[in-house]
Protein chains: 4
Amino acid sequence: MKKEYAKFKTTHKVRPDDIDMFNHVHNSIYLDYVLAARYEQMELFYGMSMEKFMEMGYGWVVQSVQINYKRPLGLGDKFIVETGIESINKKGCRVIFEIKNLKNNKLNTDGWFDFIMIDLKTGRGVAVSEEMINLYSI
Amino acid sequence: MKKEYAKFKTTHKVRPDDIDMFNHVHNSIYLDYVLAARYEQMELFYGMSMEKFMEMGYGWVVQSVQINYKRPLGLGDKFIVETGIESINKKGCRVIFEIKNLKNNKLNTDGWFDFIMIDLKTGRGVAVSEEMINLYSI
Amino acid sequence: MKKEYAKFKTTHKVRPDDIDMFNHVHNSIYLDYVLAARYEQMELFYGMSMEKFMEMGYGWVVQSVQINYKRPLGLGDKFIVETGIESINKKGCRVIFEIKNLKNNKLNTDGWFDFIMIDLKTGRGVAVSEEMINLYSI
Amino acid sequence: MKKEYAKFKTTHKVRPDDIDMFNHVHNSIYLDYVLAARYEQMELFYGMSMEKFMEMGYGWVVQSVQINYKRPLGLGDKFIVETGIESINKKGCRVIFEIKNLKNNKLNTDGWFDFIMIDLKTGRGVAVSEEMINLYSI
């Protein structure tokens, strides 16, 4: 049976510098929104901030991303970033996300990030330890 | 006697993509922090959002900026952006700002922005009307 | 038989503000590298710049992206962005890309972008005309 | 008599992600253009790349910036960034700059950056050595 992992929500607001020539949030910025939400959720919900994680000598880096653009966000919009782990094992984890506009709860973008763990000194990938897998298995 | 204008505070948080190779907020990003705070304050405190302002056919554009870097912000930091008008007349306005780290109330950056009003259709500067000057003279 | 479309190469250089806390090009920036290369290639190789395209009242907007990170780019690196159309029809087109480091010709990232055409006035998707399909079918 | 220092020119091109809601290069991006030009000029003209400088354990960080916006750059524009040292001593240096649009040689922005040297380990300012002052005194 497939394990179900918890999902978490973070609310952010579009920054004026996120807007591009089409008067919408620039497409690459959505990746930054997911990253920002995920960092906050690591600290608040998993009890392990990225800062602490980096002090331990590790980093999570993105191996692959898919993102689907449904409806654009615009200037002044507030939005919810919901993320959750879809799967995690010693090779890494897949985090799925949805971004919804707070004013109408409609979907802006969804997709997934595949992360691997790296050793910050060598810059190379390392196996995700059992301890880490447990930490994220909520 | 010199008129004193109101000052307003907005709290924001560093986004991971704001961090640069020195592990601090990248120096150009502070301009975006001031801009974001100013947009919010236009809506909340002056009752005229940038969106409404643009619907009327106008934009505020930056003519000149000075920014002084005192202490860097880092990953996860929350900060207060305080801005206020120093002077306003038909030629434009000067907005002064201070950014302080919420965790210790120490000054990160300060400086000023000179703004002029433009007509969005022509892209050219226009005189700030009495109505606009009054709107901002709180 | 599947049609083969031409591929084009553009050389760019990492900008210092592209570097993030891991001392590498930030992951969302690669999308901007592909976009920049594609804009240049529209002008140089298809004879239809994005500026002209927008003057005609149209825009290409991204519907979906997949990007795979193989090796990071760092400060001062020059790189080649190779893009090409994989398929195009009235619903839109898929552009595939590879970014390679100029100093060793090794792959940094690859992936694809699905684009749709929009009418800039309405912001809505429109069918890609035969004329446009022919323009890109080189 | 005031010493005159050499000036250097670098040509860059606007990236599509640099464009903001006013269809011009976003105001904070000009700081990144100057930074990028300066990094290139350090390597090409002073024979000391930022990468080498950082390997020696030092960084140049910005203490203060003034930037004056004259004419905006737009999508597809190529521009020249000319920079030069105005003054340098053990406390730091002031770099002045001009950005001009290559298509008409008209001034887009000008201004100055005050830099101080930091020790990357401590993050604190250090005196600029005679050796460094000589290196930049061309």
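This is a predicted model: local features need pLDDT of at least 70, side-chain atom pairs count only at pLDDT 80 or more; totals for chains, interfaces and linings use all residues.
Biologist: How many residues does the contact take from chain B and from chain C?
Modeller: Eight from chain B and eight from chain C. By class, the chain B side has three nonpolar, three polar and two charged residues. A contact means that the C-beta atoms of two residues, placed from the backbone, lie within 7 Å. Nonpolar covers Ala, Val, Leu, Ile, Met, Phe, Trp, Tyr, Cys and Pro; charged covers Asp, Glu, Lys and Arg; the others, Gly among them, are polar.

Biologist: What rotation superposes chain D on chain B?
Modeller: One of 180 degrees, with 0.0 Å of shift along its axis and an RMSD of 0.0 Å. In chain D, the C-alpha nearest that axis belongs to D:Q66, 2.2 Å away. Here too one surface serves both copies, as 100% of the contact residues of chain D recur in chain B.

Biologist: Which element gives the most to the side of chain D that touches chain B?
Modeller: The contact takes 16 residues from each of chains D and B. On the chain D side, α1 (29–45) and β2 (58–69) each supply at least two residues, and β2(D) gives the most, with 10 residues. By class, this side has eight nonpolar, seven polar and one charged residues. Helices (H or I, at least four residues) and strands (E, at least two) are DSSP runs, numbered from the N terminus.

Biologist: How many bridges join strand β2 of chain B to β2(D)?
Modeller: Five, and the strands run antiparallel. Pairing requires at least two DSSP bridges, so β2 of chain B and β2(D), with five, count as paired. The bridge partner of B:Q66 in β2(D) is D:Q66.

Biologist: Why is chain A called as compact as a globular protein of that length?
Modeller: Chain A has three helices and six strands, in the order β-α-α-β-β-β-β-β-α from the N terminus. Its radius of gyration is 16 Å, close to the 14 Å that the globule rule gives for 138 residues, so chain A is as compact as a globular protein of that length. The radius is taken over C-alpha atoms, and the rule is 2.2 Å times the number of residues to the power 0.38. Along the principal axes, the C-alpha atoms of chain A fill a box of roughly 45 × 35 × 25 Å.

Biologist: How do you know that the span of helix α1 of chain C agrees with its 17 residues?
Modeller: The expected span is 1.5 Å times one less than the number of residues. For α1(C) (residues 29–45) this should be 24 Å, and the end C-alpha atoms are 24 Å apart, which agrees. The helix is followed by C:G47, whose phi is positive, near 70 degrees.

Biologist: What makes α1(C) mostly covered?
Modeller: Of its 17 residues, 13 are buried. Buried means that 20 or more other C-beta atoms lie within 10 Å of a residue's own, exposed means 12 or fewer, and partly exposed is in between, with C-beta atoms placed from the backbone.

Biologist: Why is C:N105 called exposed?
Modeller: C:N105 has 8 other C-beta atoms within 10 Å, so it falls in the exposed class. C:N105 is in the loop between β4 (92–101) and β5 (107–119) of chain C, and has a positive phi of about 60 degrees although it is not a glycine.

Biologist: Why is D:N23 called partly exposed?
Modeller: D:N23 has 16 other C-beta atoms within 10 Å, which places it in the class in between. D:N23 is in the loop between β1 (7–13) and α1 of chain D, with a positive phi near 65 degrees in a residue other than glycine.

How values were computed
Residues are numbered from 1 along each chain as its sequence is written. Chains are lettered from A and ligands numbered from 1 in the order in which they are written. Copies are superposed by least squares on the C-alpha atoms of residues with pLDDT of at least 70 in both.
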